[in-house]
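My notes follow the order in which I looked.

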Amino acid sequence: MRLVLVYNADSGLFNAATDTVHKLLSPGTYECRLCQFTYGAFAMRRAWRDYLDSLGRPLVFLHRNEFLRDYPDRADLPLPVILTDSGPNDAAPGLLLDAAAINACGDLDALIAA
């Protein structure tokens with residue numbers, strides 16, 4: 001079973017640059033705690049990468065626009081979110097961590113513990 005990590009941010013170079021500036025200048029108003037906890041200014045945090053690698057599961061990373069394209073039936077989910085998905089025939093991916101649980105985490109260590 002793979003994990004699907006969905007960011008509350010859109011894909012694309014312009015969006016990535018805008019998000020980086022937003023996280024640096026006004027982290028308290030940034031909309032994606034999953035991004036904020038797991039990424040530095042330019043790359044995934046090493047502790048998060050090591051944790052994900054230790055899980056031994058396939059991983060899928062999606063931005064908001066990609067998630068809405070790939071999972072239109074789950075468009076009602078507040079983002080960010082972490083789902084479990086068995087693959088293309090899985091009609092309803094399972095919810096592992098919802099937006100409220102992710103947003104309640106105070107930092108990366110708390111996210112990993114959750």
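**Entry 1: Asp98**

I started at Asp98, which sits in the loop between strand E4 (94-97) and helix H5 (99-104). Helices (H or I, at least four residues) and strands (E, at least two) are DSSP runs, numbered from the N terminus. The model is predicted: local features need pLDDT of at least 70, side-chain atom pairs count only at pLDDT 80 or more, and totals for chains, interfaces and linings use all residues. Residues are numbered from 1 along each chain as its sequence is written, and side-chain values use heavy atoms, with hydrogens and water left out.

The cut-offs are under 20% for buried and over 50% for exposed, with partly exposed in between (1.4 Å probe, protein chains only).

Next I looked up contacts, meaning heavy atoms within 4.5 Å. Leaving aside residues up to four places away in sequence, Asp98 touches Pro80 and Val81. I also checked Leu83, 15 residues from Asp98 along the chain: their C-alpha atoms are 8.3 Å apart.

**Entry 2: Pro80 and Ser86**

Pro80 is in the loop between helix H4 (64-70) and strand E3 (81-85). I checked the peptide bond from Leu79 to Pro80 and found it cis, with omega near 5°.

Ser86 is in the loop between E3 and E4. Its relative accessibility is 55%, so I logged Ser86 as exposed.

**Entry 3: the whole chain**

I counted six helices and four strands. Along the sequence they follow the pattern β-α-α-α-β-α-β-β-α-α. Of the 114 residues, 37% are buried. I took contacts between residues at least 6 apart in sequence; 57% of them join residues at least 24 apart.

The protein exposes about 6,400 Å², and carbon and sulfur atoms supply 57% of that area. The areas come from the Shrake-Rupley method with a 1.4 Å probe; for residues, only the protein chains shown count as cover.

**Entry 4: nonpolar cores**

A nonpolar core is a set of buried Ala, Val, Leu, Ile, Met, Phe, Trp, Tyr and Cys residues joined through side-chain atoms within 4.5 Å. The largest has 17 residues, and those with the most contacts inside it are Leu5, Leu34, Trp48, Ile82, Ile102 and Leu111. Strand E1 (2-6), helix H2 (33-38), helix H3 (46-55) and helix H6 (108-113) each give two or more residues to this core. H2 gives the largest share, three residues.

Beyond four places in sequence, its contacts include Leu34, Trp48, Phe61, Val81 and Ile82. A second, separate core has nine residues, among them Val4, Val6, Phe67 and Leu77.

**Entry 5: the second largest pocket**

How many residues line the second largest pocket? I found 13, with Leu3, Tyr51, Ile82, Leu96 and Leu97 nearest its centre. E1, H3, E4 and H6 each give two or more residues to the lining. H3 has the largest share, four residues. By class, twelve lining residues are nonpolar, none polar and one charged.

Notes. 1 Å grid on protein atoms, 1.4 Å probe; cavity = no way out; pocket = protein on both sides within 12 Å on 5 of 7 lines; lining within 4 Å. Nonpolar A, V, L, I, M, F, W, Y, C, P; charged D, E, K, R; others polar.
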